[in-house]
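This report takes up strand pairing, cores and aromatic contacts in turn. Please keep the model open while reading.

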Amino acid sequence: MGQLWTKNIAFYYPRHPVNALNITALFPNVKVEVFVSEVLTYTDTLPAGKSVTVPLPLDTEIHQFGPTSQTVRISSSEDIVVQSISKKGDSVQTNVIQPYKNLGTVYTIPSLNYSQMINTFQQSAKIVSKRYRSFRLVIINGYPGINVVTIVKMPVNETYTLSAYAALQLQINGTETAVVSKYDVSVLLTHPCVEMEECRCNMVLNQLFPDTLRDSSFVVPSILNTSNFWLHVSSSVKTSATGGNLELNTLDAYSSKLLSLPSLQLGSQFIITSNLASLRLVVPGIIIEPIAQYMFSACYLAPVSSTDAMALIIAETSYRDSVYIDGDLLSSNKWSTIANSVYSSVLVSLDDTHVIWHPSTKIAVYVFEKSTNV
């Protein structure tokens, strides 16, 4: 299962949001159940490879800070891929939801420097509302019982008790360094309105990986038609990052610095960190978490919700001519080698949901969909 990101419209745009799930089964006759606030609202048996869209009630959106029971839980009898879709007007944001097996009990919180982002993305300095200067954390209890969650921060930690499958939304100010829980939780970093030039802003969402899934080798994907690239490295210890002609490569623990990554305009880049870390690629209105090298997989289901989508495929150069899309061998002369690595990347168009796979080695797949930004 890959990661998929698109831009979304500003939260204040005067249109009612439409929220839905796009669910695709990987095997035949898969029973799927969707619970909204622990009430069964959808159940069906799905065939393999065919996506189904499940609308969600309007009140599933979280507006207030603090704990809430407004969560959605999806269960199935076999493996599935779940993609969340949020539409407002002609804008859409999609995100692949990480399965329960990718959750954990300890998360390092990335300290993103929002003021630096604003100064970087805008041609002229603007006054930004203090209300939207910082990001928010959404913590979802993945345990079917009471869970105790601690926010590690200065000067005093904060502890919360969550009921089964409940969620907690908090405003953060940069003093938070970690989330620690008794049982597995899902942790999301969100912002309702990352401001951009010309009075525009995008809602962003980044589902964090737990510390047990951190790595030290990453292939950072290049994005077409984007000139502003910044890299953020999250680690609980002092760490150096090399590759991609980084202008600064030594970072203190829990650093908030955004690293300039000029080489990304030329293509994908291979980044190595001296200690286990997580990376985020920050571009105007989007946050992308690169797939760690050890999390590469042999097979990806690439869900597509529009007719204007692209897949960035990363494969070992020696094996790149054996990548398949569905049952057809990918034939392309547009592969580009990635400097200081054994990998190459290629961008291909997608017009529908496809399976992208390799018969003998592991690959990475990112899917990007075009959307309107208002």
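Buried means under 20% relative accessible area, exposed means over 50%, and partly exposed lies in between, with a 1.4 Å probe and protein chains only. Strands (E, at least two residues) and helices (H or I, at least four) are DSSP runs, numbered from the N terminus. The model is predicted: local features need pLDDT of at least 70, side-chain atom pairs count only at pLDDT 80 or more, and totals for chains, interfaces and linings use all residues. Residues are numbered from 1 along each chain as its sequence is written, and side-chain values use heavy atoms, with hydrogens and water left out.

**Overall makeup**

The protein chain holds 1 helix and 31 strands. Of its 374 residues, 53% are buried. Contact means heavy atoms within 4.5 Å. Among contacts with a separation of 6 or more, 75% join residues 24 or more positions apart. The accessible surface of the chain is about 16900 Å². Carbon and sulfur atoms contribute 52% of that surface. These areas come from the Shrake-Rupley method with a 1.4 Å probe; for residues, only the protein chains shown count as cover.

Strand β3 covers residues 30-36. Because 5 of its 7 residues are buried, β3 is largely enclosed by the rest of the structure. Two strands pair if DSSP finds at least two bridges between them. β3 runs antiparallel to β4 (residues 39-46), with 7 bridges joining them. Val30 has Leu46 of β4 as its bridge partner. The two strands form a hairpin with 2 residues between them. In that turn, Ser37 has a positive phi of about 50°.

β3 is also joined to β7 (residues 72-76), again antiparallel, by 5 bridges. Here Phe35 is bridged to Arg73 of β7. The Arg73 side chain also meets rings. A charge sits over a ring if NZ of Lys or CZ of Arg is within 6 Å of the ring centre and within 35 degrees of the ring normal. The charged end of Arg73 sits over the Phe35 ring, 4.4 Å from its centre. It also sits over the ring of Tyr165, at 4.3 Å from the centre.

**Nonpolar cores**

A nonpolar core is a set of buried Ala, Val, Leu, Ile, Met, Phe, Trp, Tyr and Cys residues joined through side-chain atoms within 4.5 Å. The largest has 49 residues. Leu231, Ile313 and Ile356 have the most contacts inside it. Elements giving two or more residues to this core include β17 (215-220), β18 (230-234), β25 (309-316) and β31 (364-369). Leaving aside neighbours within four places in sequence, Ile313 is in contact with residues including Val323, Trp335, Val346, Ile356 and Val365. Another core lies apart from the largest one. It has 23 residues, among them Leu112, Ile172, Leu189 and Trp230. In soluble globular proteins, nonpolar side chains tend to be buried together.

**Aromatic pairs**

Rings of Phe, Tyr and Trp (its six-membered ring) pair if their centres lie within 6.5 Å; planes under 30 degrees apart count as stacked, over 60 as edge-to-face and the rest as tilted. By this rule there are 5 aromatic pairs. The table gives two.

| Pair | Centre to centre | Angle between planes | Type |
|---|---|---|---|
| Phe270 and Tyr343 | 6.5 Å | 40° | tilted |
| Tyr324 and Trp357 | 4.5 Å | 15° | stacked |

Phe270 lies in β22 (residues 269-283) and Tyr343 in β29 (residues 343-350), 73 residues apart. Both Phe270 and Tyr343 are buried. Ring pairs link Phe270, Phe296 and Tyr343 into a cluster.

Tyr324 belongs to β26 (residues 324-325) and Trp357 to β30 (residues 354-357), 33 residues apart. Tyr324 counts as partly exposed because its relative accessibility is 24%. Trp357, at 27%, also counts as partly exposed.

**Strand β30**

What joins β26 to β30? The link is 2 bridges, and the strands run antiparallel. Tyr324 and Trp357 are bridge partners here. β30 also pairs with β24 in the antiparallel sense, over 4 bridges. Ala302 stands opposite His354 in β30. The covered face of β30 holds His354 and Ile356, and the uncovered face holds Val355 and Trp357.

Asp308 lies in the loop between β24 and β25. Its relative accessibility is 39%, so Asp308 counts as partly exposed. The C-alpha atoms of Asp308 and Ser349 are separated by 7.7 Å, although the residues are 41 apart along the chain.
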